[in-house]
Amino acid sequence: MDFFLSKIRDLAIWLKIRNIFKSLRVRFFIVVSITGLLSCLVMHALILQSYEDRAVNVKSTEVQTQLRILANHLITYNYLQDTSSELINAELDMLANLYDGRVMVINDDLKVVKDTYNISQGKTIISEEVVNCLKTGSKGTLSKYDSANGYIEMITPIITTEVIEEGDISVGGNSNEVVRGVLLTSVSTETIDNTLDILSQRATTLETLIVLIILVFAALVSYALLKPFDRITSAINDVKEGFTDKPVVGPNYLETEQIINAFNALLRRMKVLDDSRQEFVSNVSHELKTPITSIKVLADSLLSQEDVPNEVYREFMSDIGEEIDREDKIINDLLALVKMDKKASGLTITSVDVVSLTEVVLKRMRPIARKHNIDLTLESNRAITAEIDEVKISLVIMNLVENAIKYNKENGTVKVELDADHQYFSIKVIDTGIGIPQDSLDHIYERFYRVDKSRSREIGGTGLGLSIARNAVLMHRGSIDVQSTLGEGTIFTVRIPLISVGTK
Ligand code: ADP
């Protein structure tokens with residue numbers, strides 16, 4: 001049990017740490033701090049390195065100059081053959097002491113003739129550099145810095161200038177420089193190392209200070225820079241909690257402004273949706289209430305009268321029946337509309353013969369047309385097969401033709417024209433009816449919109465027919481257009497892709 005508890009505790013701590021690292025603020029802080037720290041370290045290393053290089057260079061040049069002078073003195077006093085010169089010995093010791101080093105004079109037999117440490121005198125030196133210098137007769141000096149052991153090793157050739165016998169024309173001059181020996185010197189770099197240590201200590205102190213300043217700066221900046229995000233979160237929370245429905249505002253960065261704009265756009269859209277939902281609900285209740293109110297009025301007036309004649313009863317009852325039919329129609333239309341709102345995923349696509357489908361719909365509409373003395377015709381000069389939802393497209397045709405009949409004049413005509421190109425098929429419903437006023441054309445697809453409410457009610461309109469038709473067309477990714485001349489007639493044109501564009 002304890003084991004599990006401790007495991008759960010570990011997990012909780014781990015999750016907490018993970019959440020901390022998810023914070024933009026913490027990440028920003030870490031990135032700034034690491035950048036500052038790394039720059040300090042690189043600067044530290046570079047400065048110390050360049051100081052060391054420069055100090056070693058200066059020191060070896062200085063010592064080499066002294067050694068060259070000394071090498072000349074060695075030749076003057078013939079020291080390679082005779083090491084008894086007090087002056088040279090003193091000079092050698094002085095140099096060794098001055099630079100806290102060791103000087104060895106080596107002749108051309110690789111023998112040490114003098115060692116200021118007095119250890120290697122008489123011994124043979126087989127150092128590669130010394131051998132090379134003597135063998136090749138190289139006149140240049142050589143310095144080698146051994147930083148691990150803290151010394152610079154220098155090789156200085158001891159050179160004599162010899163006059164060449166006349167007649168020797170193999171050499172291009174009359175004097176020749178010959179390497180007679182070598183000065184092998186090692187000089188301690190302790191002073192450089194000490195300075196380096198002091199420099200390093202100071203740099204470290206300074207860097208610690210800089211790093212501390214960077215940490216404080218990073219903390220302050222990350223706090224301040226990300227503050228607008230906190231403001232946005234709290235503003236969004238206020239909207240969420242319902243304290244306000246005002247769009248979020250605030251002086252911000254470009255990025256936060258984009259978030260705010262997107263959020264405000266979302267808020268506006270939600271408001272539009274909410275308004276339209278409320279309007280829809282109030283419209284629905286109003287529309288549903290109207291027939292019920294009529295029924296209630298009819299029933300009440302029947303009940304309030306005594307000895308009502310049979311015909312009156314019949315008349316009232318038939319009116320009540322009509323209102324019930326109306327209610328039924330509204331409910332059916334609403335159900336059809338709700339189904340359409342479920343987007344294109346609700347389509348049942350099959351390959352449909354559009355001409356026969358239209359014929360079937362028109363056949364159903366003929367009795368109503370006949371009742372109004374309206375001539376209903378179909379014109380189609382080609383066979384059309386399309387991938388569509390049969391039920392929904394027949395709803396479209398039915399609603400358009402029904403309107404063309406309903407809003408027609410006595411003895412008018414309704415013509416349905418079918419046509420197709422290689423991509424779309426079109427259905428045109430042309431009537432010779434009352435027409436639609438221009439300012440109503442933009443509204444006729446709205447739910448419950450009717451140009452003339454009382455007339456529409458009279459002829460049994462719900463104001464939902466065109467809404468249903470348009471939704472069905474849009475689900476097929478088609479288009480619906482209307483042209484109308486008041487008093488002359490209306491043309492509705494529907495265009496639908498022959499091949500279903502996808503049922504997403
Ligand atoms: P309704 O059930 O009232 O017919 P619709 O959504 O089908 O509802 O149509 C909306 C309104 O558009 C109708 O009330 C009517 O005023 C007008 N309308 C539709 N089709 C025609 C047409 N062919 N001719 C004249 N007016 C029409």
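Which residue lies over the face of phenylalanine 280? Arginine 447 does, at 4.2 Å from the ring centre. A charge counts as sitting over a ring if NZ of Lys or CZ of Arg is within 6 Å of the ring centre and within 35 degrees of the ring normal. Arginine 470 is placed over the face of tyrosine 445, 5.7 Å from the ring centre.

Before going on, note that this is a predicted model, where local features need pLDDT of at least 70, side-chain atom pairs count only at pLDDT 80 or more, and totals for chains, interfaces and linings use all residues. Residues are numbered from 1 along each chain as its sequence is written, and side-chain values use heavy atoms, leaving out hydrogens and water.

Now let us look at the helices. Two packed helices are described by the angle between their axes and the distance between the axes. Helices here are DSSP runs (H or I, at least four residues), numbered from the N terminus. Axes are lines fitted to C-alpha atoms over the stretch in contact, with angles running from 0 to 180 degrees between N-to-C directions.

Find helix H2 (residues 24–76) and helix H3 (residues 86–98): their axes are 11 Å apart, at an angle of about 165 degrees. H2 and H3 are therefore roughly antiparallel, a term for angles over 145 degrees. On the H2 side, the contact (heavy atoms within 4.5 Å) includes Leu67 and Leu70, while Ile88 and Leu92 are among the residues from H3.

Further along, the axes of H7 (residues 254–304) and H8 (residues 310–340) come within 9 Å and cross at roughly 165 degrees. That makes H7 roughly antiparallel to H8.

Key. Helices (H or I, at least four residues) and strands (E, at least two) are DSSP runs, numbered from the N terminus. Angles under 35 degrees count as roughly parallel, over 145 as roughly antiparallel, 65 to 115 as roughly perpendicular and the rest as oblique.
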